[in-house]
Amino acid sequence: MKKILYITANTKPEQASTSRTVGRMLVNQLQKQSEGAVLEELDLYQTHLPVLKYHYFSGRSTLIGSDEIMKLVPEEQKDLEQVNTLCDQFVSADCIVLAAPMWSLSYPGVVKQYLDCILISGKTVAFKNEKPFGLLEDRNRSFAYVQSSGAALPWMLRPILNKGMSYVEDIMKFIGISGCYSLFADGTGTTETERRQAIQKAAEKIESLAEEVLS
């Protein structure tokens, strides 16, 4: 039984958000093509994403131990509990779908804040001879990044302009997720007609993409 983790990063209601609309289509298709799949959803704007303070760590990406945690004030103890919860949720997923708009050639800040929370030593990364390496090669996982943008980006410029997508994909590959995919809903323009056309264009790719993500 596969577990799908669907992460969103947009404050708009789903029906008004292109990235969330397309992301939902993809998640629905994944569920359709993977009978019995369990879906967990995470709205980054409705979730507490701790600010990672220096005294939360005993070393590079290594959280302090339980004895040190008990010395923290209650709010900070809850921060570390939340980091572990977010990280464990991510590690347990077989398919991760992240839907976000392109903001300033990147993504909303909550995406980076979330990534910082899941890059934890002993869970997703480890160190050998002071060199980091990923831990998620233990089983097959896949990641799909759904991105909306107002402009229609020429494919040859996407590696240059899609800095957010490139960064997220690099992080996923580094921690051991080799199956990384992308789905663009670009050219949403300034009118609802243009937005609907962009959604439809992206929707046409969803069935085949879902097959790749689940393979």
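**Aromatic pairs in a predicted model**

User: Is Tyr145 buried or exposed in this predicted model?

Analyst: Tyr145 has a relative accessible area of 2%, and buried means under 20%, exposed over 50% and partly exposed in between (1.4 Å probe, protein chains only). Tyr145 is therefore buried. This is a predicted model, in which local features need pLDDT of at least 70 and side-chain atom pairs pLDDT 80 or more, while totals for chains, interfaces and linings use all residues. Residues are numbered from 1 along each chain as its sequence is written, and side-chain values use heavy atoms, without hydrogens and water.

User: How many aromatic pairs does the structure hold, and how is the pair of Tyr107 and Tyr167 arranged?

Analyst: The structure holds two aromatic pairs. In the pair of Tyr107 and Tyr167, the rings are 6.2 Å apart centre to centre, with 50 degrees between the planes. Rings of Phe, Tyr and Trp (its six-membered ring) pair if their centres lie within 6.5 Å, and planes under 30 degrees apart are stacked, over 60 edge-to-face and the rest tilted, so the count is two and this pair is tilted.

User: How is the pair of Phe143 and Tyr145 arranged?

Analyst: Phe143 is buried, with a relative accessible area of 2%. Its ring lies 6.4 Å from that of Tyr145, centre to centre, with 20 degrees between the planes, and the pair is stacked.
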